[in-house]
Amino acid sequence: MAEHAIVTGASSGIGAAICRRLLHDGWEVTGISRRRPADVTTWREADLTRPDELCAALADVPAPRAVVHAAGLQRSAPLGQLSTEDGAEMWRVHVEAATVLLDTLAPRLPDGARVVLVGSRTMTGVPGKSQYAATKAALLALARSWAAELVGRAITVNVVAPGPTDTPMLADPGRSRTPPAVPPLGRLVAPEEVAGLTAFLLGADAGAITGQHIVQCAGVSL
């Protein structure tokens, strides 16, 4: 019987790449997103800015072996031009949705389950991205806290932190004031590479890795 994974943000970018990779590896994938994704076993529609919709989408989902929170958005602005609304929206999608997801699913997870939160290399701070960075940094605090709570059940919780990744988010007008720079490696990170790292963390060889964040940035952090 195939293992079951739940992936948020399944319709685009990194989330879609993770769904494709897991399907290729033989998983059954439940995708959660606003738009119908192309590559999932089943789809649950939910706007992750609305906790009640996410709770409803999770109500009768079969217990997963893996949970991946890949949904995200980026709004950027320098000090003096920050938007309370943008900051709140990113917090709801990145942090509050992750909280609802794990709070709802944790009692159902089998021993040895895997959780991956998709963060960002910018979580350490980048000019013009303070609100985005803050919400992504919060994911590490969640991951380490949950990892400590769940370690007795051999459930791992980790953060994958990509640098500039070749996804539609790069063209989002909301982050136009901080255009991506080409990393030292000479190219952007491929979403399939983030999916590959995520698949590793969900697999048997990563059972001793928990409470960690792994940066995948094509040399930006050098």
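S33 is found in strand β2, which spans residues 28-33, where strands (E, at least two residues) and helices (H or I, at least four residues) are DSSP runs numbered from the N terminus. This is a predicted model, in which local features need pLDDT of at least 70 and side-chain atom pairs count only at pLDDT 80 or more, whereas totals for chains, interfaces and linings use all residues. Residues are numbered from 1 along each chain as its sequence is written, and side-chain values use heavy atoms, with hydrogens and water left out.

- S33 counts as buried because its relative accessibility is 5%; buried means under 20% relative accessible area, exposed means over 50%, and partly exposed lies in between, using a 1.4 Å probe and protein chains only.
- A polar atom of the S33 side chain lies 2.6 Å from the backbone oxygen of R35, and the S33 side chain also makes a polar contact with the side chain of W43 at 3.1 Å.
- A polar contact here is a pair of N or O atoms within 3.5 Å; within protein, one atom must be able to donate a hydrogen and the other to accept it, and residues adjacent in sequence count only if both atoms are side-chain atoms.
- Apart from neighbours within four places in sequence, S33 is in contact (heavy atoms within 4.5 Å) with A10, S11, W43, R44, E45 and A46.
- Strand β2 is mostly covered, since five of its six residues are buried.
- Strands β1 and β2 pair in the parallel sense over five bridges, pairing being assigned if DSSP finds at least two bridges between two strands; H4 stands opposite E28 in β2.

**T8 in strand β1**
- T8 lies in strand β1 and is buried, with a relative accessible area of 1%.
- Not counting residues up to four places away in sequence, T8 touches G15, I32, L48, V68, H69, A70, A71 and L101.

- L54 touches I32, A46, L48, A97, V100 and L101, not counting residues up to four places away in sequence.
- The buried residues of α2 are L54, A57 and L58. They sit on the same side of α2 because they cover an arc of only 95 degrees around the axis, taken from the directions from the helix axis to the C-beta atoms.
- These buried residues of α2 pack against β1 (4-8), β2, β3 (42-45) and α3, whereas the face of α2 turned away from its buried side carries the exposed residues D52 and A56.

**R20 in helix α1**
- R20 has its place in helix α1 (residues 13-24), and it counts as partly exposed because its relative accessibility is 36%.
- R20 is in contact with D39 and E192, leaving aside its neighbours within four places in sequence.
- R20 and W43 are 23 residues apart in sequence and 14 Å apart in space, C-alpha to C-alpha.

**Cysteines**
- A search of the whole structure finds zero disulfides, a disulfide being a pair of cysteine sulfur atoms within 2.5 Å.
- C19 is buried at 0% relative accessibility, and C217 is buried with a relative accessible area of 8%.
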